[in-house]
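Here are my notes on the model, for reading alongside the coordinates. Please go through them point by point.

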Amino acid sequence: MTLSPEQTAELAEYLENAELNAKAVPQISLRHPGITEANGYAIQHEIRRRKTARGTQIVGMKAGLTSRAKMRQVGVENPSYGFLADYFAVPDGGEIERARLIHPRVEPEIAFVLKKPLRGPGCHIGAVLAATEFVMPALEIIDSRYENFKFDFASVVADNSSSSRFVLGGRARPVEELDLRTLGMVLEHNGKPFSFGAGAAVLGHPALAVALVVNLLARRDEGLEAGTMILTGGITEAVACQAGDHVCLRMQDLGSVSARFV
Amino acid sequence: MSASSSDLIDALGDELHAALVARSPVAPLTSRGHELSIEDAYRIQERMLRHRLAAGSSIVGKKVGATSRAVQTLLGVNQPDFGLLLSDMIYNEGDVIPISRLIQPKAEGEIAFIMKRDLTGPGVTVADVIAATEAVMPCFEIVDSRIQDWKIKIQDTVADNASCGVFVLGGAALDPRKLDLALCGMVLEKNGDVVATGAGAAALGHPANAVAWLANTLGPLGISLKAGEVVLSGSLATLIPIAAGDHLSMTIGGLGSCSVRFA
């Protein structure tokens, strides 16, 4: 459907305010039933423009809805992308302010850092691996701005794919030393194992998530610059967290990364 | 009838063996009004397996079951169980398993331990397990239930040899000291699709914990884990149902893979 620039700007402001005020809103498709994925990305890029206009830096990208577990959990069938802003970053072992978020959930992920730019269309796993400086473990804190985490695909795309916070840590290693498909991981919640998985849970291979983001960006004639960090998507289902909770991700050959909610 | 009546124990063990031979599952033992303890269930298992041992099968190892939190919650227990591995359950990398010998099979991706030395509990630690292990191997356990529709309580599965069907050893073996067994990943593919992933810690926090639990549980019963025996340490992910024609493959990060077909 066609959204006017005014409607797009209004929806972007509405969703960004929901994020900044930590107040859930109904999914925007209820007001705009015909809303499409393209409308969603137009709104997401308007939110991004609003933030950068205020001096916020964009420090990375994320792929969303890339694992079978995640797709099942939210009831969708396609991956998406979102951007990561500077204030989303939480140091390893650091604190996440629960009150500034709505209903945060934590996902275990593999982060890629690029040493060469990538452009699509036609980006593939080989191009991604050749362009990768290193990978490292990451916790992504997703926090849908929609009530009860309920959304359709266009709504979640508009909402920056539920991006909210991320924690990078552990060991950084070059990809040629690792088998990313079988790389194992354990997510612990308050000291108890919550979920187990391996890299292949992300689209069969986490590098494919990067290729897919690059190919989606090519539709806007954009790509990823050298130095970009990309979160490749949750390997297992996400764990909901409250103030006082501690989460720790242990990854095969890559050490661990953790954070606390306060 | 008293729960501990040996007649009842024998009758239920004989019935489960007959169900296995005829590939015709029976009603849950726990649905029949008997008070069966877990100890009773192990005696039924012993009786069930006696028939196969008498017919010429030999014991080649043991399996630990109910090692994941999810399965323990489902069965309402807070500890694993065990069963025996017999010579006629063995398959190897690339084999074709006739599905007709099974009733309602499901596949579990596991790490198998091949023992280098005898291990006798109590007092066995994870360090003892690793020191006594010749190699770990990627492995499929094909579980199967002689109980209708898998409607099992803990006593049903224990009596039914911990729901063991057959097992498949993969084409790789490695000294366990070369691996981080808690964190090695497992990817399970069925007919080319990734259907499950997991990691070693899914089995009691560390696969060697499952072996230590087994040695410590069997010790007081006068049973040791013996050099050369295979120990299956528990499923690393969800169970995958199987049908004729399916091709299954699993890979353990840093270790290797195991594949098998069903006809």
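1. Burial in chain A. Of the 262 residues of chain A, 59% count as buried. This is a predicted model, and every value below is computed from it. The accessible surface of chain A comes to about 10,100 Å². Carbon and sulfur atoms account for 49% of that surface.

2. Overall form of chain A. Chain A has 6 helices and 13 strands. Its radius of gyration is 17 Å, close to the 18 Å that the globule rule gives for 262 residues, so chain A is as compact as a globular protein of that length. The C-alpha trace of chain A spans about 50 × 45 × 35 Å along its principal axes.

3. Contacts across the sequence. Take the contacts in chain A between residues at least 6 apart in sequence. Of these, 76% join residues at least 24 apart.

4. Charge. Chain A carries 28 positive and 30 negative side chains. The centres of the two sets lie 2 Å apart.

5. Strand β7 of chain A. How many of the 6 residues of β7(A) are buried? The count is 5, so β7(A) is largely enclosed by the rest of the structure. This strand covers residues 163-168. Strand β6(A), residues 132-142, joins β7(A) through 5 bridges, and the two run antiparallel. Within that pairing, Ile142(A) has Ser163(A) as its bridge partner. Strand β3(A), residues 89-90, joins β7(A) through 2 bridges, and here the direction is parallel. Ala89(A) stands opposite Phe166(A) of β7(A).

6. Ser164(A). This residue sits in β7(A). Buried or exposed, at a relative accessible area of 2%? The cut-off for buried is under 20%, so Ser164(A) is buried. Leaving aside residues up to four places away in sequence, Ser164(A) touches Phe88(A), Leu101(A), Ile141(A), Ile142(A), Asp143(A) and Arg145(A). One of these, Ile142(A), is also the bridge partner of Ser163(A).

7. Ser161(A). Look also at the loop between α5 (153-158) and β7 of chain A, where Ser161(A) is found. Its phi is near 50°, a positive value in a residue other than glycine. Ser161(A) is buried too, with a relative accessible area of 4%.

8. Strand β1 of chain A. Strand β2(A), residues 80-85, pairs with β1(A) in the antiparallel sense over 6 bridges. Strand β10(A), residues 229-231, pairs with β1(A) in the parallel sense over 3 bridges. Gly60(A) takes part in both pairings: its bridge partner in β2(A) is Leu84(A), and in β10(A) Gly60(A) stands opposite Met229(A). As background, strands of a sheet pair through backbone hydrogen bonds, either parallel or antiparallel.

9. An open sheet in chain B. Which strands form it, and in what order? There are 5 strands, in the order β4-β13-β12-β8-β9, and the pairing is mixed. β4(B), residues 96-97, and β9(B), residues 193-199, stand at the edges. Each has a single partner strand, so one side of each is left without a neighbour in the sheet. Inside the order, β12(B), residues 247-252, and β13(B), residues 256-262, run antiparallel and are joined by 6 bridges. Leu248(B) has Val260(B) in β13(B) as its bridge partner.

10. Cis peptide bonds. Please check two places. In chain A, the peptide bond from Gly120(A) to Pro121(A) is cis, with omega near 0°. Pro121(A) lies in the loop between β5 (105-114) and α4 (125-130) of chain A. In chain B, a cis peptide bond joins Gly121(B) and Pro122(B), and omega is about 0°. Pro122(B) lies in the loop between β5 (106-115) and α4 (126-131) of chain B.

11. Ala66(B). Where is this residue? Ala66(B) is in the loop between β1 (59-65) and α3 (69-75) of chain B. Phi of Ala66(B) is near 50°, again positive in a residue other than glycine. At 12% relative accessibility, Ala66(B) counts as buried.

Note on methods: Residues are numbered from 1 along each chain as its sequence is written. Chains are lettered from A and ligands numbered from 1 in the order in which they are written. This is a predicted model: local features need pLDDT of at least 70, side-chain atom pairs count only at pLDDT 80 or more; totals for chains, interfaces and linings use all residues. Side-chain values use heavy atoms; hydrogens and water are left out. Helices (H or I, at least four residues) and strands (E, at least two) are DSSP runs, numbered from the N terminus. The radius of gyration is taken over C-alpha atoms; the globule rule is 2.2 Å times the number of residues to the power 0.38. Buried means under 20% relative accessible area, exposed over 50%, partly exposed in between (1.4 Å probe, protein chains only). Contact means heavy atoms within 4.5 Å. Accessible areas come from the Shrake-Rupley method with a 1.4 Å probe; for residues, only the protein chains shown count as cover. Lys and Arg count as positive and Asp and Glu as negative; His and the chain ends are not counted. The place of a charge is taken as NZ of Lys, CZ of Arg, CG of Asp or CD of Glu. Two strands pair if DSSP finds at least two bridges between them.
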